[in-house]
Amino acid sequence: MQRVVVMRHGDRLDQAEPIWPANKPRPWDPPLTDAGLLRAWTVGKRIRAAAAAAADGWAVHRVLVSPFLRCRQTAARAAAALCAVPDDAALLAIEDAAHVPLDTSRIKVSIEYGLSEMMNTQAMGSIVGRVAPAVKSWFPDLPELEAVFPAGTIDHSAEPIYPEVPKWEESILEARSRYASVIRALADKYPHENLLLVTHGEGVGASVSYFEMGLEVYDVEYCAYSVLERQVAMKPGDEQGTGSFKVLTKSGTTGIQYAPVSESCFVG
């Protein structure tokens, strides 16, 4: 079996401080709040514990991350939880990620530009919308992006599905389709590894609605996550032995709220 966990970033600073984007060189790239950092660590521990408690006791092998700072900071805390040396019971009681010993051989981390935020004014806001058409470089070079991750976890050999940030002013439907195709492509690229994909709210929503037809997602909390599962062929290239993904996550259990399409229109 292959599992793919798709997680939203933690609490972003510009939501707590609306004036944050003013006069910032990259107003589209706020950091997490202190609460967001704590939430990312806490949810990372929960993901690890839930995986270990499953009937076959699986673990996450690889973390792929949107280049946005809020996602990188979330992934750094989650990756630390996933490769922390203390066992699951002891780890759950540790409230601060600082100084927790890590076994970095357990996890590999890399940037995936295809997991980026929806590249439009609706997602980014009017301040970004005004400057976006003139932006030539959305992010620093890769070494600076990777600096936030725990030392020893970065997979320098990983090639992203998207070599750069998606083009500006994609539609919501285009963004959702992108998320679904990237999720599938990453799973196919690493078929014998369990993945954690750290992305944005629409990406988590797409991980449910595109892989479980007839559902509509209407709320994705900070650090909410879905879990997808599929049977994978044992032999490379055996496509007939690889099944379709099914959504294991139940509405309301991991921060995602969804309903059948026929019912979702009644949700306030």
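Leaving aside neighbours within four places in sequence, Val 60 touches Ile 47, Leu 82, Arg 106, Ile 107, Asn 194, Leu 195 and Leu 196, where contact means heavy atoms within 4.5 Å. This is a predicted model, in which local features need pLDDT of at least 70 and side-chain atom pairs count only at pLDDT 80 or more, while totals for chains, interfaces and linings use all residues. Residues are numbered from 1 along each chain as its sequence is written, and side-chain values use heavy atoms, with hydrogens and water left out.

**Nonpolar cores**

- The largest nonpolar core holds 38 residues, and Val 60 is among those with the most contacts inside it, along with Ile 47, Val 63, Val 65, Met 124, Trp 138 and Leu 196.
- Elements giving two or more residues to this core include strand S1 (2-8), helix H2 (34-53), strand S2 (62-65) and helix H3 (69-82); H3 supplies the largest share, six residues.
- A second, separate core has 24 residues, including Ala 158, Val 204, Val 208 and Phe 245.
- For reference, a nonpolar core is a set of buried Ala, Val, Leu, Ile, Met, Phe, Trp, Tyr and Cys residues joined through side-chain atoms within 4.5 Å; buried means under 20% relative accessible area, exposed over 50% and partly exposed in between (1.4 Å probe, protein chains only).
- Helices (H or I, at least four residues) and strands (E, at least two) are DSSP runs, numbered from the N terminus.

**Aromatic pairs**

- There are four aromatic pairs, counted when ring centres of Phe, Tyr and Trp (its six-membered ring) lie within 6.5 Å; planes under 30 degrees apart are stacked, over 60 edge-to-face and the rest tilted.
- Trp 138 and Trp 168 are stacked, at 5.7 Å centre to centre and 25° between the planes.
- Trp 138 sits in the loop between helix H6 (126-131) and helix H7 (142-146), and Trp 168 in the loop between H7 and helix H8 (172-189), so their pair ties together parts 30 residues apart in sequence.
- Phe 211 and Phe 245 pair edge-to-face, with 5.8 Å centre to centre and 85° between the planes.

**Charged residues**

- Glu 117, in the loop between strand S3 (108-111) and helix H5 (121-124), counts as buried because its relative accessibility is 8%.
- The charged end of Arg 178 sits over the ring of Tyr 179, 4.6 Å from its centre, meaning CZ of Arg (or NZ of Lys) is within 6 Å of the ring centre and within 35 degrees of the ring normal.
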